Amino acid sequence: MRETPRPRETAADSGSGLPQRRPERAFAHAGADGSGTPHRSDGRPPHTPRGARRTDLAGHPGTTPPVPGWPAPLVSGVLGLLAVFFALITWQVAVEGPLFRLDERVGAKLFERGPAGLTQVFSDLGGMPVALPVLTCAIAYALWRRALRLAVYAALTMAAVPALVIPLKVATARQGPLTEAVNYYPSGHTATAAVAYGATVLVLLALPRPAWLREASWPRAWMMPVAAILLTTATGIGLVLHGYHWPLDVLASWCLGPLVLAPLWWVSCRSRRRSSG
């Protein structure tokens with residue numbers, strides 16, 4: 001039985017003719033079901049541009065990306081409300097309005113309540129000898145990981161606290177509780193705690209965790225923001241209960257802290273997005 005000879009290619013067939021499309025090459029990455037649809041592990045449509053992917057605050061797939069550009073709408077709204085509250089409190093303290101007088105009545109009932117030793121420890125959490133070394137360690141770690149921009153923003157964020165708080169203290173000249181001294185508004189210790197611990201969290205979350213920490217079951221990422229909030233809250237409560245500050249002094253610094261941290265938050269989001277991309 002003789003085989004049918006194959007037709008030979010001529011010069012006209014292989015010369016100037018256009019290359020023919022080979023279906024097996026075009027669908028080399030087709031799915032296993034043979035449907036001809038290119039397989040994508042992330043479930044995106046074939047023509048979805050990378051820039052349109054939804055990411056979370058850290059740049060991971062999930063929600064609307066907040067960077068590059070302005071912060072997410074929710075964050076912008078919260079920061080706007082905090083700015084309004086801070087302006088309202090400052091105005092009431094400056095003119096000694098109804099909120100100012102209510103603050104003094106409430107504060108007089110709270111001073112020297114609770115264990116004096118514990119409230120003193122809480123108050124000291126916002127002192128420079130305690131809060132600043134925590135942030136310094138985070139900045140040093142960022143420099144070691146060659147995140148220079150992140151480290152610089154963290155340092156500038158901490159430097160912004162006295163640059164903002166001291167002029168406000170001098171301008172309002174509010175007398176402190178249980179003393180005749182002035183310049184107590186807003187609370188410097190509370191602002192220091194909010195910015196130092198908050199900046200530490202933003203720096204650490206923006207940097208890739210070491211392998212041994214990634215394999216550990218704890219600490220979880222959400223624990224660090226919770227710890228920063230608890231430390232800042234404890235500082236403010238200790239300052240009021242021990243009689244170092246009026247409640248509005250602390251409340252104003254709680255509002256001021258996130259406003260000061262906003263630029264570092266934006267830089268932290270960009271760093272996390274780059275490291276995850």
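## A buried salt-bridge network and a nonpolar patch

Asp103 has a relative accessible area of 4%, so this residue counts as buried (under 20% relative accessible area, with exposed meaning over 50% and partly exposed in between, for a 1.4 Å probe and protein chains only). The model is predicted, so local features need pLDDT of at least 70 and side-chain atom pairs count only at pLDDT 80 or more, while totals for chains, interfaces and linings use all residues. Residues are numbered from 1 along each chain as its sequence is written, and side-chain values use heavy atoms, leaving out hydrogens and water.

Side chains of opposite charge can pair when their charged atoms come close. There are 2 salt bridges in the structure, each being a side-chain nitrogen of Lys or Arg within 4 Å of a carboxyl oxygen of Asp or Glu.

| Salt bridge | N to O distance |
|---|---|
| Asp103 and Arg174 | 2.7 Å |
| Arg174 and Asp249 | 2.9 Å |

Arg174 lies in the loop between α7 and α8 and Asp249 in helix α11 (residues 247-276), so their pair ties together parts that are 75 residues apart in sequence. Through shared partners, Asp103, Arg174 and Asp249 are joined into one network. Arg174 is buried at 3% relative accessibility, and Asp249 is buried at 0%.

Elsewhere, Leu143, Leu148, Val152 and Leu156 make a nonpolar surface patch of about 380 Å², where patch residues have over 30% relative accessible area and no salt bridge, and nonpolar side chains are joined within 5 Å. Leu143, which belongs to helix α6 (residues 128-144), is partly exposed at 45% relative accessibility.

How values were computed: Patch = residues over 30% accessible without salt bridge, like charges linked within 9 Å, V, L, I, M, F, W, Y side chains within 5 Å. Areas by Shrake-Rupley, 256 points an atom, 1.4 Å probe, with all protein chains shown as cover. Helix = DSSP H or I, 4+ residues; strand = E, 2+ residues; numbered from the N terminus.
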